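My notes follow, in the order I made them.

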Amino acid sequence: MGGGAFILVLAVALAESVAPAERKCQLSGLWRNDQDSLMEISVLRDNGDFQGQYLTRVTLSEGCALISPLRGAQQQLGEEGWPTFGFTVSWDKFSNATTTFVGQCFVDAGGKETLSTMWLLREAVGSLEEDWKATRVGRNVFTRKRTTKGKILMNLSPPCEAVPSPAP
C-alpha cells in the first residue's frame with residue numbers, strides 16, 4: 001500500500017472513531033414531540049438528575065393545559081453518548097394525573113437529535129372497580145427545537161384565559 005493510500009485509510013479510521021464522541025446527545029434544551037407538546041430540560045446535574053418544564057398539547061379534560069414541572073434522571077453516558085433516561089410529569093395544576101416517560105436519546109449521521117420515549121399515564125379514579133381504566137400507555141418521539149439560550153418555554157406557552165360565563 002502506497003503512503004498516500006495508507007494516510008487516507010488512517011484518516012477514515014480516525015474520523016469514524018471520533019464521530020460518536022462528536023455526536024453525543026445532550027438532554028438539556030427545548031424539545032418538541034410528535035403531538036406538538038414542548039419540553040424544556042433546564043438543569044442537568046453531573047449525577048444525571050435533571051429537571052425542567054413540560055407544556056402538553058394533549059389534555060384529559062377540556063381545560064387549558066398549564067406548564068407542569070418535570071423531574072428525571074439519565075443513565076451516565078457511555079461511549080456512544082446516547083443516554084437512556086426517565087422522567088415524571090405531574091399534571092396537578094389542571095388534571096389529576098401523572099405521566100412517566102422512559103427513553104433513549106439518539107443522534108443521526110446528520111446531527112439530528114431524537115428522544116424516543118414510551119410513557120405511562122395514570123389518571124385518578126374513584127374506586128378500585130374503576131382501576132382497569134386508569135392507566136394509558138403510548139409512545140412519543142421528541143426532536144430538538146433550536147432556540148436561543150435561556151428559559152423560553154414560558155414565552156411559547158399560550159395564555160390560559162378564563163372562560164367567560166354565559167350572559168343571563
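Entry 1, ring pairs. I began with the rule: rings of Phe, Tyr and Trp (its six-membered ring) pair if their centres lie within 6.5 Å. What I have open is a predicted model. With that rule I found eight aromatic pairs in the structure.

I looked at phenylalanine 87 with phenylalanine 101 and noted 4.6 Å centre to centre and 15 degrees between the planes, a stacked pair. Phenylalanine 87 belongs to strand β5 (residues 84-90) and phenylalanine 101 to strand β6 (residues 97-107), so this pair ties together parts 14 residues apart in sequence. I also checked burial: phenylalanine 87 and phenylalanine 101 are both buried.

I then turned to the rings of phenylalanine 101 and phenylalanine 142. Their centres are 6.2 Å apart and their planes stand at 65 degrees, so I wrote this pair down as edge-to-face. It links distant parts of the chain, with phenylalanine 101 in strand β6 and phenylalanine 142 in strand β8 (residues 135-144), 41 residues apart. Phenylalanine 142 is buried, as is phenylalanine 101.

Which residues do ring pairs link into a cluster? I listed Phe50, Tyr54, Phe85, Phe87, Trp91, Phe101 and Phe142.

How many disulfides does the count come to? I got one. Cysteine 25 and cysteine 105 form it, and their sulfur atoms are 1.4 Å apart. Cysteine 25 sits in the loop between α1 (3-22) and β1 (29-33), while cysteine 105 is in strand β6, so the pair ties together parts that are 80 residues apart in sequence. Is cysteine 25 buried or exposed? The cut-off for buried is under 20% relative accessible area. Cysteine 25 is at 1% relative accessibility, so I count it as buried. Cysteine 105 has a relative accessible area of 0%, so I put it down as buried too.

I stepped back and counted two helices and eight strands. From the N terminus on, I read the elements as α-β-β-β-β-β-β-β-β-α. The chain has 168 residues, and 29% of them count as buried. For contacts with a separation of 6 or more, I noted that 46% come from residues 24 or more positions apart. Last, I looked up the surface: the chain exposes about 10,600 Å², with carbon and sulfur atoms supplying 56% of it.

Methods
Residues are numbered from 1 along each chain as its sequence is written. This is a predicted model: local features need pLDDT of at least 70, side-chain atom pairs count only at pLDDT 80 or more; totals for chains, interfaces and linings use all residues. Side-chain values use heavy atoms; hydrogens and water are left out. Rings of Phe, Tyr and Trp (its six-membered ring) pair if their centres lie within 6.5 Å; planes under 30 degrees apart count as stacked, over 60 as edge-to-face and the rest as tilted. Helices (H or I, at least four residues) and strands (E, at least two) are DSSP runs, numbered from the N terminus. Buried means under 20% relative accessible area, exposed over 50%, partly exposed in between (1.4 Å probe, protein chains only). A disulfide is a pair of cysteine sulfur atoms within 2.5 Å. Contact means heavy atoms within 4.5 Å. Accessible areas come from the Shrake-Rupley method with a 1.4 Å probe; for residues, only the protein chains shown count as cover.
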